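Subject: Structure handover

Hello,

Here is the structure for you to look at. My notes follow below it.

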Amino acid sequence: MKNFITRAATGLIFVLIIIGSIIFSPYSFICLFALITAFMLYEFYYLAENHYTQHINIPLNIFGGIILFLSTASFAMGITCLEIFLFYVFFIIINFIIGLYRKNGDPIIKWALSIIGQIYIALPISLLNFIAFKDVAEIHQYNYIPLLSLFVFIWLNDTGAYLIGSSIGRNRLFERISPKKSWEGFFGGMLFSILGGLVFSHFFSIFNIYQWIGLSLVISVFSTWGDLTESLLKRTFGVKDSGNILPGHGGFLDRFDSVLIAGPAVLIYLYLAAGY
(Lines give C-alpha, C1' and ligand atoms only; values in the text may rest on other atoms or scores of the structure.)
Protein backbone atom coordinates (compact mmCIF):
# COMPACT_ATOMS: atom_id res chain seq x y z
CA MET A 1 0.00 0.00 0.00
CA LYS A 2 2.83 2.38 0.90
CA ASN A 3 4.57 1.62 -2.40
CA PHE A 4 1.33 2.33 -4.30
CA ILE A 5 0.91 5.70 -2.57
CA THR A 6 4.53 6.61 -3.30
CA ARG A 7 4.17 5.60 -6.93
CA ALA A 8 0.88 7.49 -7.32
CA ALA A 9 2.25 10.65 -5.68
CA THR A 10 5.42 10.58 -7.79
CA GLY A 11 3.38 9.97 -10.95
CA LEU A 12 1.04 12.87 -10.20
CA ILE A 13 3.89 15.29 -9.51
CA PHE A 14 5.68 14.09 -12.65
CA VAL A 15 2.61 14.68 -14.84
CA LEU A 16 1.93 18.12 -13.33
CA ILE A 17 5.52 19.24 -13.87
CA ILE A 18 5.55 18.06 -17.50
CA ILE A 19 2.19 19.64 -18.32
CA GLY A 20 3.00 22.81 -16.40
CA SER A 21 6.36 23.32 -18.12
CA ILE A 22 4.82 22.80 -21.58
CA ILE A 23 1.87 25.15 -21.03
CA PHE A 24 3.58 27.86 -18.96
CA SER A 25 6.09 29.11 -21.54
CA PRO A 26 8.53 27.94 -24.22
CA TYR A 27 11.41 28.70 -21.89
CA SER A 28 10.09 26.52 -19.08
CA PHE A 29 9.71 23.70 -21.62
CA ILE A 30 13.27 24.20 -22.90
CA CYS A 31 14.82 24.38 -19.42
CA LEU A 32 13.01 21.28 -18.13
CA PHE A 33 13.71 19.14 -21.17
CA ALA A 34 17.35 20.15 -21.32
CA LEU A 35 17.57 18.86 -17.75
CA ILE A 36 15.66 15.69 -18.64
CA THR A 37 18.02 15.11 -21.58
CA ALA A 38 20.98 15.31 -19.20
CA PHE A 39 19.46 12.80 -16.75
CA MET A 40 18.56 10.32 -19.49
CA LEU A 41 22.02 10.51 -21.06
CA TYR A 42 23.61 9.97 -17.65
CA GLU A 43 21.50 6.86 -17.02
CA PHE A 44 22.27 5.40 -20.46
CA TYR A 45 26.01 6.01 -20.32
CA TYR A 46 26.26 4.84 -16.71
CA LEU A 47 24.55 1.54 -17.55
CA ALA A 48 26.59 1.13 -20.74
CA GLU A 49 29.84 1.82 -18.93
CA ASN A 50 29.10 -0.78 -16.25
CA HIS A 51 27.90 -3.40 -18.72
CA TYR A 52 30.75 -3.16 -21.20
CA THR A 53 33.39 -2.24 -18.58
CA GLN A 54 34.53 0.57 -20.85
CA HIS A 55 35.30 4.05 -19.56
CA ILE A 56 32.99 6.54 -21.29
CA ASN A 57 33.43 10.28 -20.88
CA ILE A 58 29.96 10.75 -19.43
CA PRO A 59 30.18 14.52 -18.68
CA LEU A 60 31.38 15.24 -22.23
CA ASN A 61 28.56 13.22 -23.77
CA ILE A 62 25.94 14.85 -21.54
CA PHE A 63 27.33 18.24 -22.53
CA GLY A 64 27.10 17.27 -26.19
CA GLY A 65 23.48 16.19 -25.83
CA ILE A 66 22.56 19.47 -24.16
CA ILE A 67 24.32 21.40 -26.94
CA LEU A 68 22.22 19.55 -29.52
CA PHE A 69 18.98 20.19 -27.64
CA LEU A 70 19.64 23.90 -27.07
CA SER A 71 20.91 24.38 -30.63
CA THR A 72 17.75 22.77 -31.99
CA ALA A 73 15.59 24.88 -29.66
CA SER A 74 17.22 28.14 -30.74
CA PHE A 75 16.95 27.16 -34.41
CA ALA A 76 13.29 26.12 -34.09
CA MET A 77 12.55 29.43 -32.36
CA GLY A 78 14.14 31.35 -35.24
CA ILE A 79 16.83 32.84 -33.01
CA THR A 80 19.78 31.21 -34.79
CA CYS A 81 20.55 29.78 -38.21
CA LEU A 82 21.91 26.38 -39.27
CA GLU A 83 25.46 27.36 -38.34
CA ILE A 84 24.53 26.87 -34.68
CA PHE A 85 24.84 23.11 -35.23
CA LEU A 86 28.56 23.51 -35.95
CA PHE A 87 29.08 23.47 -32.17
CA TYR A 88 27.58 20.00 -32.05
CA VAL A 89 29.68 18.89 -35.03
CA PHE A 90 32.73 20.10 -33.09
CA PHE A 91 31.63 17.97 -30.11
CA ILE A 92 31.46 14.87 -32.35
CA ILE A 93 34.96 15.58 -33.68
CA ILE A 94 36.37 16.08 -30.19
CA ASN A 95 34.76 12.83 -29.05
CA PHE A 96 36.65 10.90 -31.71
CA ILE A 97 39.92 12.73 -31.07
CA ILE A 98 39.79 11.98 -27.33
CA GLY A 99 39.48 8.28 -28.17
CA LEU A 100 42.89 8.43 -29.82
CA TYR A 101 44.58 9.25 -26.53
CA ARG A 102 42.85 6.69 -24.30
CA LYS A 103 45.07 3.64 -23.96
CA ASN A 104 42.67 1.34 -22.09
CA GLY A 105 39.57 -0.37 -23.44
CA ASP A 106 38.16 -0.79 -26.91
CA PRO A 107 37.90 2.57 -28.73
CA ILE A 108 35.33 1.22 -31.21
CA ILE A 109 32.93 0.27 -28.41
CA LYS A 110 33.44 3.64 -26.72
CA TRP A 111 32.81 5.60 -29.90
CA ALA A 112 29.80 3.43 -30.75
CA LEU A 113 28.23 3.85 -27.31
CA SER A 114 28.80 7.61 -27.40
CA ILE A 115 27.08 7.96 -30.77
CA ILE A 116 24.25 5.56 -29.89
CA GLY A 117 23.42 7.60 -26.79
CA GLN A 118 23.24 10.76 -28.88
CA ILE A 119 21.05 9.16 -31.57
CA TYR A 120 18.80 7.25 -29.17
CA ILE A 121 18.26 10.02 -26.61
CA ALA A 122 19.59 13.48 -27.48
CA LEU A 123 18.32 13.56 -31.08
CA PRO A 124 14.67 12.49 -30.43
CA ILE A 125 14.30 14.86 -27.47
CA SER A 126 15.82 17.67 -29.55
CA LEU A 127 13.28 17.03 -32.32
CA LEU A 128 10.48 17.86 -29.86
CA ASN A 129 11.41 21.49 -30.48
CA PHE A 130 10.14 21.21 -34.06
CA ILE A 131 6.81 19.95 -32.71
CA ALA A 132 6.62 22.81 -30.19
CA PHE A 133 7.59 25.63 -32.57
CA LYS A 134 5.75 26.19 -35.85
CA ASP A 135 6.98 28.44 -38.65
CA VAL A 136 4.04 30.58 -39.79
CA ALA A 137 4.93 33.12 -42.48
CA GLU A 138 8.53 33.18 -41.19
CA ILE A 139 7.30 33.82 -37.66
CA HIS A 140 8.20 31.06 -35.22
CA GLN A 141 5.25 30.51 -32.91
CA TYR A 142 5.19 28.36 -29.80
CA ASN A 143 2.30 25.92 -30.20
CA TYR A 144 2.15 23.64 -27.18
CA ILE A 145 -0.99 21.71 -28.18
CA PRO A 146 0.69 19.05 -30.41
CA LEU A 147 3.47 18.61 -27.87
CA LEU A 148 0.99 18.30 -25.02
CA SER A 149 -1.06 15.77 -27.00
CA LEU A 150 2.05 13.64 -27.50
CA PHE A 151 2.47 13.16 -23.78
CA VAL A 152 -1.23 12.91 -22.96
CA PHE A 153 -1.81 10.23 -25.62
CA ILE A 154 1.23 8.28 -24.42
CA TRP A 155 -0.09 8.33 -20.86
CA LEU A 156 -3.55 7.30 -22.04
CA ASN A 157 -2.04 4.50 -24.11
CA ASP A 158 -0.03 3.25 -21.13
CA THR A 159 -3.07 3.44 -18.85
CA GLY A 160 -5.33 1.61 -21.29
CA ALA A 161 -2.69 -1.05 -21.99
CA TYR A 162 -2.26 -1.67 -18.26
CA LEU A 163 -5.97 -1.77 -17.39
CA ILE A 164 -7.04 -3.96 -20.31
CA GLY A 165 -3.90 -6.08 -20.34
CA SER A 166 -4.03 -6.87 -16.63
CA SER A 167 -7.74 -7.69 -16.87
CA ILE A 168 -8.14 -9.80 -19.99
CA GLY A 169 -4.65 -10.02 -21.48
CA ARG A 170 -3.90 -13.57 -22.69
CA ASN A 171 -1.97 -13.37 -25.95
CA ARG A 172 1.61 -12.18 -25.56
CA LEU A 173 2.61 -9.19 -27.69
CA PHE A 174 6.41 -9.59 -27.58
CA GLU A 175 7.22 -12.26 -25.02
CA ARG A 176 10.95 -12.38 -25.79
CA ILE A 177 11.39 -8.79 -24.66
CA SER A 178 8.42 -7.97 -22.42
CA PRO A 179 6.54 -11.05 -21.17
CA LYS A 180 3.77 -9.04 -19.49
CA LYS A 181 2.62 -7.12 -22.56
CA SER A 182 -0.36 -8.55 -24.42
CA TRP A 183 -2.18 -7.89 -27.67
CA GLU A 184 -5.33 -7.17 -25.66
CA GLY A 185 -3.42 -4.52 -23.73
CA PHE A 186 -2.00 -3.09 -26.95
CA PHE A 187 -5.44 -2.60 -28.47
CA GLY A 188 -6.79 -1.35 -25.14
CA GLY A 189 -4.09 1.31 -25.08
CA MET A 190 -4.89 2.21 -28.68
CA LEU A 191 -8.57 2.63 -27.78
CA PHE A 192 -7.74 4.96 -24.89
CA SER A 193 -5.43 6.96 -27.14
CA ILE A 194 -8.11 7.30 -29.83
CA LEU A 195 -10.60 8.50 -27.22
CA GLY A 196 -8.04 11.10 -26.22
CA GLY A 197 -7.80 12.16 -29.86
CA LEU A 198 -11.57 12.59 -30.03
CA VAL A 199 -11.54 14.76 -26.92
CA PHE A 200 -8.70 16.92 -28.28
CA SER A 201 -10.53 17.31 -31.61
CA HIS A 202 -13.49 18.77 -29.71
CA PHE A 203 -11.44 21.42 -27.90
CA PHE A 204 -8.62 22.17 -30.34
CA SER A 205 -9.27 22.89 -34.01
CA ILE A 206 -5.66 22.98 -35.23
CA PHE A 207 -6.31 19.51 -36.74
CA ASN A 208 -9.54 17.96 -37.96
CA ILE A 209 -11.00 14.90 -36.28
CA TYR A 210 -9.38 12.46 -38.71
CA GLN A 211 -5.96 14.02 -38.22
CA TRP A 212 -6.38 13.81 -34.45
CA ILE A 213 -7.34 10.13 -34.70
CA GLY A 214 -4.39 9.51 -37.02
CA LEU A 215 -2.08 11.24 -34.54
CA SER A 216 -3.39 9.13 -31.66
CA LEU A 217 -2.82 5.94 -33.68
CA VAL A 218 0.74 6.94 -34.56
CA ILE A 219 1.50 7.69 -30.92
CA SER A 220 -0.06 4.45 -29.71
CA VAL A 221 1.93 2.25 -32.11
CA PHE A 222 5.27 4.02 -31.90
CA SER A 223 5.16 4.59 -28.14
CA THR A 224 4.71 0.82 -27.73
CA TRP A 225 7.80 0.26 -29.87
CA GLY A 226 9.60 2.85 -27.76
CA ASP A 227 8.70 0.99 -24.59
CA LEU A 228 9.84 -2.32 -26.10
CA THR A 229 13.11 -0.77 -27.28
CA GLU A 230 14.00 0.34 -23.76
CA SER A 231 12.93 -3.05 -22.39
CA LEU A 232 15.40 -4.70 -24.77
CA LEU A 233 18.04 -2.20 -23.68
CA LYS A 234 17.50 -3.03 -20.00
CA ARG A 235 17.52 -6.77 -20.73
CA THR A 236 20.84 -6.35 -22.50
CA PHE A 237 22.26 -4.37 -19.58
CA GLY A 238 20.78 -6.82 -17.06
CA VAL A 239 18.83 -4.26 -15.03
CA LYS A 240 15.18 -3.86 -14.04
CA ASP A 241 15.10 -0.04 -14.08
CA SER A 242 17.32 2.54 -15.74
CA GLY A 243 17.65 4.37 -12.42
CA ASN A 244 15.96 5.06 -9.11
CA ILE A 245 15.63 8.83 -9.07
CA LEU A 246 11.82 8.68 -9.41
CA PRO A 247 10.39 6.72 -6.44
CA GLY A 248 8.24 3.86 -7.69
CA HIS A 249 8.90 4.71 -11.34
CA GLY A 250 12.57 3.93 -11.89
CA GLY A 251 14.66 6.39 -13.87
CA PHE A 252 14.08 9.06 -16.48
CA LEU A 253 14.68 6.61 -19.32
CA ASP A 254 11.89 4.45 -17.92
CA ARG A 255 9.50 7.41 -18.01
CA PHE A 256 10.46 8.82 -21.42
CA ASP A 257 11.24 5.63 -23.36
CA SER A 258 8.03 5.93 -25.40
CA VAL A 259 8.81 9.53 -26.36
CA LEU A 260 12.17 8.56 -27.87
CA ILE A 261 10.46 6.62 -30.67
CA ALA A 262 7.03 8.25 -30.77
CA GLY A 263 8.38 11.83 -30.84
CA PRO A 264 10.18 11.58 -34.21
CA ALA A 265 7.24 9.57 -35.64
CA VAL A 266 4.83 12.32 -34.59
CA LEU A 267 7.02 14.98 -36.19
CA ILE A 268 7.01 13.07 -39.49
CA TYR A 269 3.24 12.59 -39.27
CA LEU A 270 2.59 16.27 -38.56
CA TYR A 271 4.60 17.41 -41.56
CA LEU A 272 3.46 14.76 -44.04
CA ALA A 273 -0.14 14.07 -43.05
CA ALA A 274 -1.36 16.99 -40.97
CA GLY A 275 0.07 19.92 -42.93
CA TYR A 276 1.92 21.24 -39.88
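Which residues does Ile18 touch, not counting residues up to four places away in sequence? They are Leu32, Phe33, Ile36, Phe151, Trp155 and Phe256. Contact here means heavy atoms within 4.5 Å.

Some ground rules before the rest. This is a predicted model, where local features need pLDDT of at least 70 and side-chain atom pairs count only at pLDDT 80 or more, while totals for chains, interfaces and linings use all residues. Residues are numbered from 1 along each chain as its sequence is written, and side-chain values use heavy atoms, with hydrogens and water left out.

**The core**

Ile18 belongs to the largest nonpolar core, which has 70 residues. Such a core is a set of buried Ala, Val, Leu, Ile, Met, Phe, Trp, Tyr and Cys residues joined through side-chain atoms within 4.5 Å. Buried means under 20% relative accessible area, exposed means over 50%, and partly exposed lies in between (1.4 Å probe, protein chains only). Ile18, Phe33, Leu128, Leu150, Phe151 and Phe256 touch the most other members. Two or more residues each come from α1 (2-24), α2, α3 (58-76), α4 (86-100), α5 (107-132), α6 (144-168), α8 (209-237) and α9 (252-272). The largest share, 13 residues, is from α2. Helices (H or I, at least four residues) and strands (E, at least two) are DSSP runs, numbered from the N terminus.

**Helix α2 and what follows**

Helix α2 covers residues 26-52, 27 residues in total. From first C-alpha to last, α2 reaches 38 Å, close to the 39 Å expected at 1.5 Å a residue. That expected span is 1.5 Å times one less than the number of residues. Thr53 follows α2 and lies in the loop between α2 and α3. Its phi is positive, near 50 degrees. Most residues other than glycine have a negative phi. Is Thr53 buried or exposed? Thr53 is exposed, with a relative accessible area of 66%.

**α7 against α8**

Two packed helices are described by the angle and the distance between their axes. For α7 (residues 183-203) and α8, the axes come within 8 Å and cross at roughly 150 degrees. Axes are lines fitted to C-alpha atoms, for helices over the stretch in contact, and angles run from 0 to 180 degrees between N-to-C directions. The contact includes Phe186, Gly189 and Met190 of α7, and Trp212, Ile213 and Ser216 of α8. The residues of this contact divide into 10 nonpolar, 7 polar and no charged. Ala, Val, Leu, Ile, Met, Phe, Trp, Tyr, Cys and Pro count as nonpolar, Asp, Glu, Lys and Arg as charged, and the others, Gly among them, as polar.

**Two serines**

Ser178 lies in strand β4 (residues 178-182). Ser178 counts as buried, at 11% relative accessibility. Leaving aside neighbours within four places in sequence, Ser178 is in contact with Leu228 and Ser231. Ser231 lies in helix α8 and is buried too, at 13%. With residues up to four places away not counted, Ser231 touches Ile177 and Ser178.

**Two more positions**

Ile119, in helix α5, counts as exposed at 54% relative accessibility. Asp135 lies in strand β1 (residues 133-136) and is partly exposed, at 48%.

Best wishes
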